[in-house]
Amino acid sequence: MNVWKYIYIRFFKIRRRIIGRDGADEFAAMLFVALFDVLLFFGIMILTDKLVDNILSTKYEPFFFAFYILGMFIIGWFRNRSMCKNGAFERIKKEVENEPSKLKWNLLSILYMIFVILFFLSCCYIGKYGLNL
């Protein structure tokens, strides 16, 4: 069990409760989980660019943009393969439903989502203004 699996199934259930049944439930839940991975990737890319004095985003802008897009597609492809293909959804759903300590995983998943969003926002701030306070 890990945080991504728990977030995946919880978002799937919440989305199904709000919107109802449609054909894209599993894929939409997978995209929600992949969004957090992409935010982590973007934050790391922003910090890397700031570490090398914004050379990547100014001098090699097309390459930097292509690396962003390629990273997003690779993360999406990986998450789709690991969470949606070959009956993975049913295995993950069974694992999450049989978990005895749901409160612990609920708290960990909320903390993970908050951490990722705060990490991304702090990386954006550092990328724009630097560490000068």
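How many residues does H6 have, and how far does H6 reach from its first C-alpha to its last? H6 has 28 residues and spans 40 Å, close to the 40 Å expected at 1.5 Å a residue. The expected span is 1.5 Å times one less than the number of residues in the helix. Helices here are DSSP runs (H or I, at least four residues), numbered from the N terminus.

Before going on, note that this is a predicted model, in which local features need pLDDT of at least 70 and side-chain atom pairs count only at pLDDT 80 or more, while totals for chains, interfaces and linings use all residues. Residues are numbered from 1 along each chain as its sequence is written, and side-chain values use heavy atoms, with hydrogens and water left out.

**Stop 1: H6**

Stay on H6. Select Trp105, Ser109, Tyr112, Met113, Val116, Phe120 and Cys123, the buried residues of this helix. Buried means under 20% relative accessible area, exposed over 50%, and partly exposed in between (1.4 Å probe, protein chains only). Their cover includes H1 and H2. Now step just past the end of H6: Gly130 has a positive phi of about 80°.

**Stop 2: H1**

Move to H1. This helix has 17 residues and reaches 24 Å from first C-alpha to last, close to the 24 Å expected at 1.5 Å a residue. Its buried residues are Val3, Tyr6, Ile7, Tyr8, Ile9, Phe12 and Arg15. Show what covers them: H2, H4, helix H5 (88–97) and helix H6 (102–129) are included.

**Stop 3: aromatic rings**

Display the rings of Phe, Tyr and Trp (its six-membered ring). Rings pair if their centres lie within 6.5 Å; planes under 30 degrees apart count as stacked, over 60 as edge-to-face and the rest as tilted. By this rule there are 13 aromatic pairs. Pick Phe11 and Phe32: their centres are 4.1 Å apart and their planes at 5°, so the pair is stacked. Phe11 sits in helix H1 (residues 3–19) and Phe32 in helix H2 (residues 25–51), 21 residues apart, so the pair links distant parts of the chain. Phe11 is partly exposed at 24% relative accessible area. Phe32 is partly exposed too, at 23%.

Next, select Phe41, Phe42, Phe63, Phe64, Phe67 and Tyr68. These form one aromatic cluster.

**Stop 4: helix H4**

Finish on H4 (residues 61–83). Ile74 lies in this helix. Is Ile74 buried, partly exposed or exposed? Ile74 is partly exposed, with a relative accessible area of 48%.

Key. Helix = DSSP H or I, 4+ residues; strand = E, 2+ residues; numbered from the N terminus. Contact = heavy atoms within 4.5 Å.
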